[in-house]
Amino acid sequence: MSVLDSLALTRIPAEDEALRAEVRAFLAQAISGLPPHVRARSWGGYSAELSRQLGEKGWIGVTLPREYGGGGRSAFTRYVLVEEYLACGAPVGSHWIADRQSGPLILKYGTEAQKRFYLPRICRGEAFFCIGMSEPGAGSDLASVKTRAVPNGKGFVLNGQKIWTTNAHHCHYMIALVRTSGEAGDRHKGLSQVIVDLSLPGVTVRPITDLSGDSHFCEVFFDNVQLPPDALIGQEGQGWEQVTAELAFERSGPERLFSSIVLFDEWLAWLRATGERSEGALRLAGRVFTELAPLRAMSVAVQDKLVRGESPIVEAALVKELGTTLEQSIPAAIADDLFAREASEVPLELLRTLNYVTEVAPSYSLRGGTRDILRGMIARGLGLR
């Protein structure tokens with residue numbers, strides 16, 4: 001059976017869908033004062049206060065066991081939550097990584113002490129995590145990382161650098177892929193993951209200002225950072241196994257489809273308000289909907305595989321690559337539509353939203369794995385390479 005054949009149509013269970021109306025109503029009030037150009041940042045936006053509110057509602061860590069402060073619910077419950085966050089542009093970036101990846105990773109590979117310490121804090125919206133994978137000169141080739149954690153009598157001494165680390169300047173912890181033995185040429189051997197308290201001496205976080213003026217990405221430096229023995233997640237040398245499983249969560253969710261959705265919805269709302277029914281506008285709207293629907297179905301199918309304990313690495317890469325292509329095409333197409341009109345016709349806020357999304361859209365094909373790397377994975381999975 002091919003990769004494409006394995007993505008059977010999956011429906012979100014009714015009990016999870018039932019949560020959607022409550023979430024939508026809560027968010028409508030919670031972010032009512034945010035203009036579209038701010039909401040367009042969505043999972044890249046930051047609001048520690050909103051994260052705490054969502055934690056109080058029990059909407060962070062919903063898939064984690066109740067004994068660790070989680071909701072004990074299906075991964076489809078979280079899928080519904082994420083779709084609603086993204087659809088309205090809720091600034092959920094503060095807890096995003098902890099909820100999506102770090103919590104499940106600690107649950108699967110962490111010690112009991114790590115679970116007891118970190119997971120309840122994540123669920124309350126009090127512990128924010130970032131991911132330390134990419135490094136300068138390594139690109140998407142994660143196996144060539146050079147950052148080292150050398151064992152000593154007190155635990156590990158960490159030295160090196162990470163880059164493109166999302167929201168590191170707002171986070172309390174990083175889960176970093178490091179080399180605990182061997183050399184970069186050893187590839188997957190000797191790689192481990194460690195939890196780094198970003199307040200430790202020797203850690204320096206430098207935000208990177210992007211084209212939009214935001215500081216979404218960061219570079220992080222480690223200079224003889226002393227880590228405790230319990231910083232290690234799982235077994236030493238298990239890092240590659242952990243990372244490949246983790247990236248399936250990162251590459252297949254609604255965030256790989258909906259990064260431009262606030263802009264698209266604002267454009268549609270303006271068309272409806274003005275009674276616009278031009279052939280070009282209808283064609284554009286139809287194209288986005290007809291591409292988005294099957295991609296969303298594919299994303300839900302990948303989620304079903306994850307729920308069943310599978311590791312759909314190639315399928316997740318396929319969703320990410322196709323979804324990113326759609327996300328990047330939306331601002332370009334809307335720009336073509338708006339700039340063909342008289343300037344006085346177009347609302348300023350719609351233009352501000354378009355401007356932001358246009359500036360940030362190039363990053364869509366960087367985060368979560370570059371386009372060339374993903375296409376290589378897909379080609380191998382389809383037997384084309």
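For these notes, partly exposed means a relative accessible area between the buried limit, under 20%, and the exposed limit, over 50%. I keep that at hand for Tyr46, which is partly exposed because its relative accessible area is 36%. I also remind myself that this is a predicted model.

**Entry: the whole chain**

I started with the overall build. I found 13 helices and 8 strands in the protein chain. Next I looked up the radius of gyration: it is 21 Å, close to the 21 Å that the globule rule gives for 385 residues, so the chain is as compact as a globular protein of that length. Along the principal axes, the C-alpha atoms fill a box of roughly 70 × 50 × 40 Å.

I then checked burial, and 55% of the 385 residues count as buried. The protein chain exposes about 16,400 Å², with carbon and sulfur atoms supplying 54% of that. For contacts between residues at least 6 apart in sequence, I noted that 76% join residues at least 24 apart.

**Entry: helix α10**

Does the length of α10 agree or disagree with its residue count? I worked with 1.5 Å a residue: the 29 residues of α10, 279-307, should span 42 Å, and the end C-alpha atoms are 42 Å apart, so the two agree. After α10 comes Gly309, and I noted its positive phi, near 85°.

**Entry: aromatic rings**

How many aromatic pairs does the whole structure hold? My search turned up 10. In one of them, Phe26 and Trp59 sit edge-to-face, 5.5 Å centre to centre with 85° between the planes. I traced where they come from: Phe26 is in helix α2 (residues 20-30), while Trp59 is in the loop between α4 (48-57) and α5 (75-88), so this pair links distant parts of the chain, 33 residues apart. Phe26 counts as buried because its relative accessibility, 19%, is under the 20% limit. Trp59 is buried too, at 5%.

I went on to Tyr46 and Phe128. Their ring centres are 6.3 Å apart and the planes stand at 90°, so I call the pair edge-to-face. Tyr46 lies in the loop between α3 (36-39) and α4, and Phe128 in the loop between α7 (112-123) and β1 (129-132), so the pair ties together parts that are 82 residues apart in sequence. Tyr46 was the partly exposed residue at 36%, whereas Phe128 is buried at 3%.

I also wrote down one aromatic cluster, formed by Phe117, Tyr118, Phe129 and Tyr173.

**Entry: arginines over rings**

Which residue lies over the face of Tyr356? I found Arg41 there, at 3.9 Å from the ring centre. Over the face of Trp96 I found Arg78, at 5.8 Å from the ring centre.

**Entry: two residues up close**

I picked Glu83 in helix α5. Is Glu83 buried or exposed? It is buried, with a relative accessible area of 5%. Leaving out residues up to four places away in sequence, I listed what Glu83 touches: Ile12, Arg20, Pro254, Phe258 and Arg296.

My other pick was Leu119 in helix α7. Leu119 is buried, with a relative accessible area of 0%. With residues up to four places away in sequence not counted, Leu119 touches Leu64, Tyr68, Gly103, Ile106, Leu107 and Gln114. I also looked up Ala98, which is 21 residues from Leu119 along the chain; their C-alpha atoms are separated by 9.0 Å.

Methods. Residues numbered from 1 in each chain as written. Predicted model: local features only at pLDDT ≥ 70, side-chain atom pairs only at ≥ 80, totals over all residues. Heavy atoms only, no water. Helix = DSSP H or I, 4+ residues; strand = E, 2+ residues; numbered from the N terminus. Expected span 1.5 Å × (residues − 1). Phe/Tyr/Trp six-rings, centres within 6.5 Å; stacked < 30°, edge-to-face > 60°. Buried < 20%, exposed > 50% of the residue type's maximum accessible area, 1.4 Å probe, protein only. Lys NZ or Arg CZ within 6 Å of the ring centre and 35° of its normal. Rg over C-alpha atoms; globule rule 2.2 N^0.38 Å. Contact = heavy atoms within 4.5 Å. Areas by Shrake-Rupley, 256 points an atom, 1.4 Å probe, with all protein chains shown as cover.
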